[in-house]
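The sequence and the structure are shown first.

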Amino acid sequence: MHRRLRHGLSAAVLSAAVVFGAGAAVAASYPLERTELQRWSFSGYFGRFDQAQLQRGFQVYREVCASCHSLNFIAFRHLGNEGGPHFGEEEVKALAAEYIVTDGPDEFGDLFERDGKPFDTFPAPFPNDQAAAAANGGAVPPDLSVMAKARAAPRHIAWMPVDMLTAYQEAGADYLYALLTGYEDPPPGTEVTDGTYYNPYFLAGKALAMSAPLSDGIVTYDDGSPETVDQYARDVSAFLMWTAEPHLMERKRIGFQVIVFLVVFAGLLYLTKKKVWADTAH
Amino acid sequence: MSAESTYQPKSGFGRWMEARLPIMGLVHDSFVVYPTPRNLNYLWAFGAILTMMLVLQILTGIVLAMHYIPDAAMAFASIEHIMRDVNYGWLLRYLHANGASMFFVAVYIHMARSMYYGSYKEPREVLWILGVIIFLLMIATAFMGYVLPWGQMSFWAATVITNLFSAIPLFGEGITTWLWGGFAVDSPTLNRFYSLHYLLPFMIVGVVVLHVWALHVVGQNNPLGIEVRSKQDTVRFTPHATVKDVFASVVFLVVLAWLMFYLPNFLGHPDNYIPANSLQTPAHIVPEWYFLPFYAILRAIPDKLMGVIALFASIGILAFLPWLDTSRVRSARFRPLYFWFFWIFMIVVVGLGYLGAQTPEGGFLLAARLLTAYYFAHFLIILPIIGLIERPRPLPSSIAESVLASSGGEAGEAAPAE
């Protein structure tokens, strides 16, 4: 419904955009292409994460992204939370134990390595930014914990009323999906610096230092989902929306209850007000 | 407040207390029997709404402060800790951040209402000036609060705004270094902003007390802009005004709830979820939406020092409004010329807000300059002149007369103030 509403209004918005944007500068502006909005299970007023999708997205993160990108604010125990991937307690323990973390100092003052525990956060792939930059041609792969809120598909101001009414807060996931699926050969005549990869959806230029990370079949799903770049990108974007907004489902649920309560309360107050003022002209 | 109290304590303890500290009498006189004009509309509920928002911000802020760490290395992570692991931390933080936005929505409506109905005019000049001081304190508090998450926008907003002081001749650089507590925005800056962000709201509470005190001395203005002349013109504050205020406050909370539960990051900038990095300037540094008109004025002026002066003047000029507006008639309902200039001014401010979010070049810059010129002309040229040349419509002789005329006069006499 939200999508239809958006599309229905697109003509009006576009004409408004022309009027509003009349004074805009002509300098090259990025991204080169506008991000398309996707359909997400967690969008809108009653949106919910798809647990299986988050588990697949986690798998994509672990097998592809994690070799360069940290997830510093996420602990293994978070993976067991309701409203998230919701792995079982034993699964979380087993998952954590697959990682080696550095702990200490012990009683002799030495750091030591041990198996991961649920309370540990994901070990970062590089010990520090310098090491990360050195291994990645000078660019530090950013932490992904809040990435889905730290990037956004750029939207024209004329969309504002529609975005507000449809509770559009998925601009980050839309952008991540667009970026992950948007790699292509640069059009003839477009020069791209060595070590960067053309992507018209990239926010800050025509090319970025990350090469296309996904390819068909790179991750093996065991739930029969298609093993395509499109599906991987969708799943990992959803997973990163969860890491950025782990209480999203609880937030929408409580929000609904709060608003219903307040509206009923306001209705009763209005009737009270009418009664109090019934005999007073005003 | 100034008159003899009519409060009669009902209990023995009440009489004992009243003879020693007449606080219940004060509350009774100020919020129960206080005569309030009978013709107030819902725009007059924003005083109560603002009080509620101030309390809400202080309460959520105190709890957030228990979990937040004002250190450049840990601030961002402590916010993420609040969002993830503190019980209902996400709720508190989204309520606090969106509460700040709604606080400004309310204060702008409150100020626009004053302008439309001429509430700042004699004898309410001091009341208005206290309001301008509250607005200034709110600006400072909100700005410093925005710095605390220590994201990219936090850091660069702090850098841009503190750098404004370097425009001051001779002492500028010294003042900036003193503000920073170092040679750049860093941990000492964050720490003092945190301290002040905690302090200023309580200063706001103090000025709000003075604001309400001044209000209760001179009485409320009303949509007709004429003074209360008899008891026929007023009703008791409780229950009449109280029930309207509570109803309006709950409706306002519905909007706040919708914003914080369904669009919690809509008004924020995505870059503020990138940890502060002093080596990487964001492509566009923009303040929160409620500062955009003033930001547009700052950037419209080509000279840095003059820009800073214009920025402060655009807010400071409000304090002179009671004397710049030369009309004796308060309400725009009876001011055919001012009515239109009021709405033009509102459109200009919204236009400045839009321009504040754009890159200041080309057509945007030109538009921002024109609107900035108009902003000041509104106060310095238009208001003084139209007050002199305008022919106001005839004013009704009393609030009661006007109210009874429009309601057919049936129910008029039923409930005068006691």
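A polar contact is a pair of N or O atoms within 3.5 Å; within protein, one must be able to donate a hydrogen and the other to accept it, and residues adjacent in sequence count only if both atoms are side-chain atoms.

## Basis

This is a predicted model, in which local features need pLDDT of at least 70 and side-chain atom pairs count only at pLDDT 80 or more, while totals for chains, interfaces and linings use all residues. Residues are numbered from 1 along each chain as its sequence is written, chains are lettered from A and ligands numbered from 1 in the order in which they are written, and side-chain values use heavy atoms, without hydrogens and water.

## Domains of chain B

Chain B is divided into domain 1 (23-278) and domain 2 (288-325 + 336-391), with bounds from an automatic or database domain assignment. Between these two domains of chain B, 8 residue pairs are in polar contact, both residues at pLDDT 80 or more. On the side of domain 1 that touches domain 2, α6(B) gives the largest share, 10 residues.

One salt bridge (a side-chain nitrogen of Lys or Arg within 4 Å of a carboxyl oxygen of Asp or Glu) is counted between the domains. B:K121 and B:D325 form a salt bridge at 3.0 Å, N to O.

## Chain B against chain A

Contact (heavy atoms within 4.5 Å) involves 49 residues of chain B and 50 residues of chain A. The count of salt bridges between these chains is 1; A:R77 pairs with B:D85, their closest N and O atoms being 3.0 Å apart.

Definitions and conventions. Helix = DSSP H or I, 4+ residues; strand = E, 2+ residues; numbered from the N terminus.
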